[in-house]
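Trainee: Could we go through this model together? I would like to understand how its parts are arranged.

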Amino acid sequence: LDQVVDYNNINVLHYSTLKLLAHSVRAFKEKVDEEEDDERLENKLKKHFLIGGAVDMLLTDNAKFEETYIHYDGKQAGEKADIVLQGLAVDNINLQFIDNDELRDYCHSLGFYTNWKNGESHKKELLKYNDYYEFLCAANGKIILDSTSYGVVQATYKRIIEGRYTGAYISNLQTNPALRVYPQFCLVAEIYGIIYKGMLDFCVFDDENHHITIIDVKTLWKHSNMFPKQLEWLRYDLQAVGYIELVKKLFPLYSVSYEFIVESTDAKLTSPVIYELSEQAIFEGKYGNIERGKIGFEELISRFTYH
């Protein structure tokens, strides 16, 4: 199958945008007005989502994981200093020789010690993390995982592939000759009059039975039996409906089902499971539920077109 490879640079509607619109029009407009790539920005908001994304990629595409993430076991900068250093690393700027006034203005623009008037002070502070900064420059844009995060990613991945239920499930995907399995499967198509995109963790074709299973890898910080609540909170049903509609549009002769591989990032709470999304959940994701105040996919598409 032909694949779209540059998913992040395809500027069309996707789940993250609809999720914001489901929350509020204001949140949606604020996000749309941002200049940065919203998906990359979202990954920085919480370490949990950073870890979840890494586990997801490690499970679906090991080679891409190595291209995207890199492990650093030294001392990292604080949040604001890190933002400054990441920006400087893009141009591989030598901290020792950068103009003090330019550095001061750049730091102030990012909210880093705005009360300091002398750029020499900013430089002195940033040079405390010079080893980390040099690592950033050499990383060439890869996402940094500190030792704790890297350890959690590897341990979570291992629990999934060795789990009582998930291990056998994944083994079947890898060895069953009746299945065609495509990891990191990008789809783009027009649905409901809008160009929409989705990145499926796994798209599994059972050609004999004309059936496609969409598999979504999800991690959570609580026990995996709390996943139904997280599904509601983060509106994974919207994501599922969008992906299902894409698959139906592009592969109309196949029936479709949606399953999750679910695991906690906390080893003390571990119990990786397979969770199949019910027809009722898919229905509510598509049409909403007035009694519960839930807005469906179809209504959100309409609101997106309006706003």
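Mentor: We shall begin with the whole protein and then turn to its sheet and some helices.

Trainee: What should I know about the model and the numbering?

Mentor: This is a predicted model, in which local features need pLDDT of at least 70, side-chain atom pairs count only at pLDDT 80 or more, and totals for chains, interfaces and linings use all residues. Residues are numbered from 1 along each chain as its sequence is written, and side-chain values use heavy atoms, with hydrogens and water left out.

Trainee: How many helices and strands does the protein have?

Mentor: There are 15 helices and seven strands. Helices (H or I, at least four residues) and strands (E, at least two) are DSSP runs, numbered from the N terminus.

Trainee: And what share of the residues is buried?

Mentor: Of the 307 residues, 46% are buried, that is, under 20% relative accessible area with a 1.4 Å probe, protein chains only.

Trainee: Now the sheet. In what order do the five strands come?

Mentor: The order is S3-S4-S5-S6-S7, in an open sheet with mixed pairing. Two strands pair if DSSP finds at least two bridges between them. Strands S3 (179–191) and S7 (273–276) are the edges, each pairing on one side only. From one strand to the next, the twist averages 40°.

Trainee: How many bridges join S4 to S5?

Mentor: Five bridges join S4 (residues 194–206) to S5 (residues 211–220), and the two run antiparallel. Asp-206 stands opposite His-211 in S5.

Trainee: Which strands does H13 lie across?

Mentor: H13 lies across S3, S4, S5 and S6, running at about 90° to S3. Such angles run from 0 to 180 degrees between N-to-C directions, with axes fitted to C-alpha atoms, for helices over the stretch in contact.

Trainee: Is Glu-245 buried or exposed?

Mentor: Glu-245 is buried, with a relative accessible area of 13%. Its place is in H13 (residues 236–250). Leaving aside residues up to four places away in sequence, Glu-245 touches Ile-191, Tyr-192 and Lys-286; contact means heavy atoms within 4.5 Å.

Trainee: Changing topic, which residues of H8 are buried?

Mentor: In H8 (residues 119–126) they are Gly-119, His-122, Lys-123, Glu-125 and Leu-126. Seen down the axis of H8, these buried residues fall within an arc of 165°, so they line one face of the helix. The arc is that of the directions from the helix axis to the C-beta atoms.

Trainee: What covers them?

Mentor: The cover includes helices H6 (79–90), H7 (100–109) and H9 (130–139).

Methods: Buried < 20%, exposed > 50% of the residue type's maximum accessible area, 1.4 Å probe, protein only.
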